[in-house]
Structures are given as C-alpha cells and as structure tokens.
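Please read it alongside the sequence and the coordinates.

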Amino acid sequence: MNSYATDLSTIYEAYERIKNVVHRTPVQTCRQLSRHGGADIHFKCENLQKVGAFKYRGASNVVLSLSDQQASAGVVTHSSGNHAQALALAAEQRGIPAHIVMPSNAPQVKQDAVAGYGARIILCEPTLESRETTAAAIVAETDATFIHPYNHAGIISGQATVALELFEQVSNLDVIIAPVGGGGLLSGIAIAAKAINPAIRIVGAEPAGADDAFRSKASGQLIAQTSPNTVADGLLTSLGDLTWPVVRDLVDEIVVVDDFQIISAMKLIMERAKILTEPSGAVSYAAAVKIDFESADTSVACVISGGNMNLSRISELIENCRDR
Ligand SMILES: Cc1ncc(COP(=O)(O)O)c(C=O)c1O
C-alpha cells in the first residue's frame, strides 16, 4: 500500500485539535444551480470559514501542533493570499509571532488584513526566488518554523477536515469537486474521502491558465506550472512532492475550466445561491457544469473554497466577462 503525507486517523486527530477553533461551515443547496449542473449539488461554504477560506483549517492545525518551545519562536510563511491571513490569525490566537513575507506588489487590502491579525509583514521582490530567500533569512534570524501553504503534512491534514464534515452533512455523497492550486485541499479531501468511501469520485477543478495538475496527471509525471495566467488567483501554484502522489493515485480526474466559465459560475453562485465566492471558489461549480453526471440524482459536493475579494472587483470581472 502506498503511504501518503497523511492518513485517516491523523486527519481525525487534526479534526479533534481544530474543531473548537474552526467554523463547521454550512452546506447549501439551490435548485436552479442543481438543475443547471445536472446533478444534486451541495455547496460546502468555506467562504464562511474564519478568514474567509478553508486555509484556516490547515494553519490552525499546524500552529496548534507546535511544541511550546517551537511555538515561542513563532511561524514564517511567504504568501500574498489566504494562507497568509490564516497563519497570521492562527498565530495570533496562540499568542505567538507570525512573520509573513509578501511580494511588494501585494494589494494593500491584503497587507492590511495580515497586519490586522498582528503579524509582522516583510516585503520582498515579487519573485518566487526572492520570497523563498527572504523567508529563509527570517527563519535563520528568528528560529521560527516555516509553514508551507500546501506541501506540508499538517496543512494537508487540516484541509482534509472539509471532507469529514461533508460526510456528516450530506448522506450518500457520490462526488466531491474541489479546486486545485498546490493541491493541499484536494489531496487532503482525497485521502480522507477515499478512506471512508473508496467508491466516491474525487474531481479536481483547475483553471486552463494554470493546468499543471491536469498535465501532470495526463503525463504521469509532476510538471511544474510556468507563467500561470488566470482570474482564479488562489490557483496559480504548482503541485508539490507531497500533494502530487495523492493527485496521481486517488483523484479520479482533473476538469479544466477557462476564465469565462469561472466568472460565469461565480456570477451564478452569487446571484442564485447568494453565496459570496472569489473566482478560485467558483471553479468547482464551473467544473460541475462541464461534467456529464450519470443522473440528476447524483449527489455532488462542490467546495466553495473562499470568498475574499474586493467588491468593486466583482463587478469589474462580470462586466469584462459580458464583453466576451
Ligand atoms: C480560495 C482558495 N481556493 C483554493 C486554493 C488552492 O488550495 P491548494 O493550494 O491547497 O490547492 C487556495 C489557495 O490559496 C485558495 O485561496
């Protein structure tokens, strides 16, 4: 048997650790969106998770797993997105320092959100190399623990708790669709869900402009994403060496959607189901619309992974989408 970054019993332990600090997010349905998707669709609303994204699950699991000695030196990451906010909040709740390396072009609202959780922000050049060397320098200077946004066993275990809740909230689930960036969420869900019900179908939803998981799976080899380009800004990253084997072995398929399909899905979800989703969060439903399900009764969970975006950006995206 293959061994992966985590397993079901470790995921249950993670859930015990975090269940009193994370929100058990609701599952919502909408008849019109089910009809449009050709299945019985359930939206797992991680846009309503603390910090507005599932990322708080993994971050709090890792921060709560640190020994007191490790914790006292704090945590470090490089991220301009939801992981930065999630780690900053998890650190604040444990009362330990968080050092967040952000590219100098990260929007002010994101810097403000991270600073609002009391984290120290270190700006760097907007390149992966600069982010990595800056984070390494902070680790050397402070002895803080580096927490990777997805290629980390504790992060994957935390994200996997989405699947544990889904099994409790929806009976007889046939399919789970989750977005894939670096694959922390998707691989965690796949490990938990296949261990609970090997017959369940796990689908990764990926933007066409960052389709490294699709290409990796098609070729059987990990292919890194170069120059990603998509409106789904949480999904720009490449799979890592912990997430790739899970996507390769336990994910049934990756469905690729273009930006027009993502924005159309986002608009429908907001208009019909009243769920505020960011583009990355709408990718799972965009994929559902593309899939030909066996019957309208097929029970499908779409993970709405996050809801963080400027309100003015929503109308801008929808206007541009209309022009196409
Ligand atoms: C809203 C949202 N959805 C999905 C993802 C992708 O998660 P992962 O990198 O674990 O695949 C991210 C990552 O930042 C995100 O912020």
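The model is predicted: local features need pLDDT of at least 70, side-chain atom pairs count only at pLDDT 80 or more, and totals for chains, interfaces and linings use all residues. Residues are numbered from 1 along each chain as its sequence is written.

**Domains**

The protein chain is divided into domain 1 (8-54 + 152-322) and domain 2 (56-146); such bounds come from an automatic or database domain assignment. Taken over C-alpha atoms, the centres of domain 1 and domain 2 are 24 Å apart. Domain 1 contributes 24 residues to the contact and domain 2 contributes 15 residues, where two residues are in contact if their C-beta atoms, placed from the backbone, lie within 7 Å. On the side of domain 1 that touches domain 2, the elements giving two or more residues are α1 and α8. Helices here are DSSP runs of H or I with at least four residues, strands are runs of E with at least two, and both are numbered from the N terminus. The most residues on that side of domain 1, seven, come from α8. By class, the side of domain 1 that touches domain 2 holds nine nonpolar, twelve polar and three charged residues. Ala, Val, Leu, Ile, Met, Phe, Trp, Tyr, Cys and Pro count as nonpolar, Asp, Glu, Lys and Arg as charged, and the others, Gly among them, as polar.

**Ligand shell**

There are 22 residues around the ligand, and G181, G184, G234, S305 and G306 come nearest; a residue is near if its C-beta atom, placed from the backbone, lies within 6 Å of the molecule. Elements that give two or more residues to this shell are α5 (82-94), α9 (184-196) and α13 (279-290). The largest share, three residues, is from α9. The shell is made up of seven nonpolar, 13 polar and two charged residues. Both domain 1 and domain 2 give residues to the shell, so the ligand lies between them.

**Helix pairs**

| Pair | Angle | Axis separation |
|---|---|---|
| α1 (8-18) and α8 (153-169) | about 90° | 8 Å |
| α12 (259-273) and α13 | about 100° | 8 Å |

Helices α1 and α8 are therefore roughly perpendicular to each other, a term for angles of 65 to 115 degrees. In this pair, T10, I11, A14, Y15 and I18 of α1 meet S157, G158, A160, T161 and L164 of α8. Their contact comprises six nonpolar, four polar and no charged residues.

The angle between α12 and α13 likewise makes α12 roughly perpendicular to α13. Here Q261, I262, I263, A265, M266 and I269 of α12 meet P279, A282, V283, Y285, A286 and V289 of α13. This contact has eleven nonpolar residues, one polar and no charged.

**Sheet**

Six strands form an open sheet of mixed pairing, in the order β1-β2-β10-β7-β8-β9; two strands pair if DSSP finds at least two bridges between them. At the edges are β1 (27-28) and β9 (253-257), each pairing on one side only. Strands β2 (residues 40-45) and β10 (residues 299-304) run parallel and are joined by six bridges. I41 stands opposite V300 in β10. Helix α13 lies across β2, β7 (175-179), β8 (201-207), β9 and β10, and runs at about 135° to β7.

Technical notes. Axes fitted to C-alpha atoms, helices over the stretch in contact; angles between N-to-C directions. Parallel < 35°, antiparallel > 145°, perpendicular 65-115°, else oblique.
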